[in-house]
Amino acid sequence: MIISERSDHLIGECAILRSSGVELLYARNKYEVEAGLQMHSPAFALLDFDIEGVNFLLKKLVLSPHGLHPYIMVAAHYADSNERAHMLRRGADFCVEKPINEYEVLAVIDAVFRRVMRRSIIRFEELVINTSGRIVTMRGKSVALTRKEYEVLCLLACHAGTVLTKEEIYQTVWRTGETPNSTHVSDQISSLRAKLGLSRKDTTYIHTVIGVGYRFGEAI
């Protein structure tokens with residue numbers, strides 16, 4: 001997914017990406033980004049930092065559930081390594097210097113695919129999530145989850161150690177800007193805990209942060 005208000009400036013770069021077998025999806029604003037994430041599962045997102053509402057868009061991409069969570073490349077004019085480091089801390093996976101070098105973008109895509117082929121398993125304590133097959137096992141036994149339960153679990157596991165509010169979980173998994181019903185997220189969490197054999201007071205896997213939301217245990 002290429003997110004830029006002026007995609008016409010990237011015609012040359014896009015042609016080279018297409019000729020290398022990369023399927024492109026364009027988004028010019030937050031509405032098109034939200035629609036794109038609902039209808040597609042982009043593996044990569046190239047975000048133009050000069051686009052309006054870039055902070056909202058970056059957070060939206062960072063909090064996408066696993067399976068819909070793209071590798072985020074942020075294109076900007078970076079003054080120095082400190083600015084690039086700050087962007088990475090905000091959630092970017094890679095910093096692309098403008099003007100964009102399409103061969104650098106292709107090299108990043110190739111490198112990420114090599115890594116994904118080596119690892120598509122999330123392990124934590126006795127929980128194993130096979131993201132390529134959408135298979136979850138707990139203590140060696142397969143756990144049947146609904147789509148929402150799976151996406152909530154993956155969202156938490158992929159942001160291990162980070163407290164996510166009910167609003168962030170709802171807007172990411174349900175992919176809507178509507179105000180969440182207070183029971184939507186808590187119902188999924190309760191169901192998840194029951195299927196995984198966890199108690200309401202569990203702090204190892206899914207920890208309730210009272211008045212805020214939920215946090216998954218630190219990844220190993």
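How many bridges join strand 7 to strand 8 (residues 135-138)? The count is 4, and the two strands run antiparallel. The model is predicted.

**Strand 7 and its faces**
- Strand 7 covers residues 127-130.
- Leu127 and Ile129 make up its covered face.
- Val128 and Asn130 lie on the uncovered face.

**Pairing with strand 6**
- Ile129, on the covered face of strand 7, stands opposite Ile122.
- The hairpin of strand 6 and strand 7 has 2 residues between the strands.
- In that hairpin, Glu125 takes a positive phi near 50°.

**Pairing with strand 8**
- Asn130, on the uncovered face of strand 7, has Ile135 in strand 8 as its bridge partner.
- The hairpin of strand 7 and strand 8 has 4 residues between the strands.
- Here Arg134 takes a positive phi, near 55°.

**Helix 2 against helix 3**
- Two packed helices are described by the angle between their axes and the distance between the axes.
- The axes of helix 2 (residues 30-39) and helix 3 (residues 54-62) come within 10 Å and cross at roughly 10°.
- Angles under 35 degrees count as roughly parallel, so helix 2 is roughly parallel to helix 3.
- From helix 2, Lys30, Val33, Glu34 and Leu37 meet Phe56, Leu57, Lys60 and Leu61 of helix 3.
- The residues of this contact divide into 5 nonpolar, 3 charged and no polar.

Definitions and conventions:
Residues numbered from 1 in each chain as written. Predicted model: local features only at pLDDT ≥ 70, side-chain atom pairs only at ≥ 80, totals over all residues. Heavy atoms only, no water. Buried < 20%, exposed > 50% of the residue type's maximum accessible area, 1.4 Å probe, protein only. Pairing = 2+ DSSP bridges. Axes fitted to C-alpha atoms, helices over the stretch in contact; angles between N-to-C directions. Parallel < 35°, antiparallel > 145°, perpendicular 65-115°, else oblique. Contact = heavy atoms within 4.5 Å. Nonpolar A, V, L, I, M, F, W, Y, C, P; charged D, E, K, R; others polar.
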